[in-house]
Amino acid sequence: MKLHSIMRLVTWNCCRGTYQKKASLLDALAPDIAVLQECARPATETNQCLWFGANPLQGIAVIAHGQYRIRALPTVPEVPLYSIPVEVTGPTNFLLIAVWTKGPSPYVKGVIRAVELYRDLFTQYPTVLAGDLNSNAIWDSGNPVDFNHSVLVKMLSEFGLVSSYHSFFRETHGQEKQFTSYFQWQEKKPYHIDYCFIPEEWAPNIQRVEIGSYAQWKDHSDHRPLLVEIADHAATITT
């Protein structure tokens with residue numbers, strides 16, 4: 001039996017701070033699944049809250065709400081920091097690759113390497129790759145030809161993934177009109193470096209893609225949350 005439902009995905013680099021303080025700021029967006037970069041370790045971890053990192057003051061959390069549950073999958077030791085595979089179960093089951101790219105430059109190289117190492121998982125599950133990639137096609141010419149943003153986009157497309165923002169707004173990578181990050185918190189230095197890649201077959205069912213405004217979030221982070229709302233997304237149950 002098919003259910004009519006909505007799933008909300010959010011990714012946000014919260015620019016440090018306690019888990020409780022920063023995670024609670026996302027409540028207004030009502031995410032089903034959220035990826036929260038640079039937050040401190042939560043007091044407890046559950047099947048709706050997982051945290052990864054070496055520094056207890058600054059890691060990456062995956063948060064589930066409602067009927068959704070999450071489980072960390074085994075990681076490959078040589079995967080660059082941080083691209084974390086998480087199994088999501090609930091109204092929709094899928095693989096989440098939660099991303100917060102770290103150096104060395106180019107940052108996108110780490111994500112490309114993670115996709116290569118987890119390629120078997122990509123073929124087993126519908127996959128969402130979401131997070132702070134620190135990457136954009138505007139920097140392609142300054143990066144190695146095998147490790148730039150356009151290479152990653154092409155690689156993900158071969159696994160059937162598309163950027164929800166670019167699909168919804170019909171914009172080209174590198175020509176974004178909305179921005180997710182402000183260099184050194186400056187409104188006049190905006191970049192689009194946070195993404196939510198989803199299965200291409202979900203794209204027609206995107207209901208909303210929203211990026212937080214500069215003014216609303218300027219006291220909380222140099223990044224803005226990216227919200228993706230998807231309807232009628234293979235939400236099935238067996239009776």
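Visitor: Is Tyr214 buried or exposed?
Guide: This is a predicted model, where local features need pLDDT of at least 70, side-chain atom pairs count only at pLDDT 80 or more, and totals for chains, interfaces and linings use all residues. Residues are numbered from 1 along each chain as its sequence is written, and side-chain values use heavy atoms, without hydrogens and water. Buried means under 20% relative accessible area, exposed over 50%, partly exposed in between (1.4 Å probe, protein chains only). Tyr214 has 18% relative accessibility, so the residue counts as buried.

Visitor: How many aromatic pairs does a search of the whole structure find?
Guide: Rings of Phe, Tyr and Trp (its six-membered ring) pair if their centres lie within 6.5 Å; planes under 30 degrees apart count as stacked, over 60 as edge-to-face and the rest as tilted. The whole-structure count is 9.

Visitor: What is the angle between the planes of Phe122 and Phe159?
Guide: Phe122 and Phe159 are both buried. Their centres are 5.1 Å apart and the pair is tilted, at 50°.

Visitor: Which helix holds the partner of Tyr182?
Guide: Tyr182 and Tyr214 pair edge-to-face, 4.8 Å centre to centre, with 70° between the planes. Helices (H or I, at least four residues) and strands (E, at least two) are DSSP runs, numbered from the N terminus. Tyr182 lies in strand β10 (residues 181–182), and Tyr214 in helix α6 (residues 214–217).

Visitor: Which residue lies over the face of Phe147?
Guide: A charge sits over a ring if NZ of Lys or CZ of Arg is within 6 Å of the ring centre and within 35 degrees of the ring normal. At 4.8 Å from the ring centre of Phe147, the residue is Lys109.
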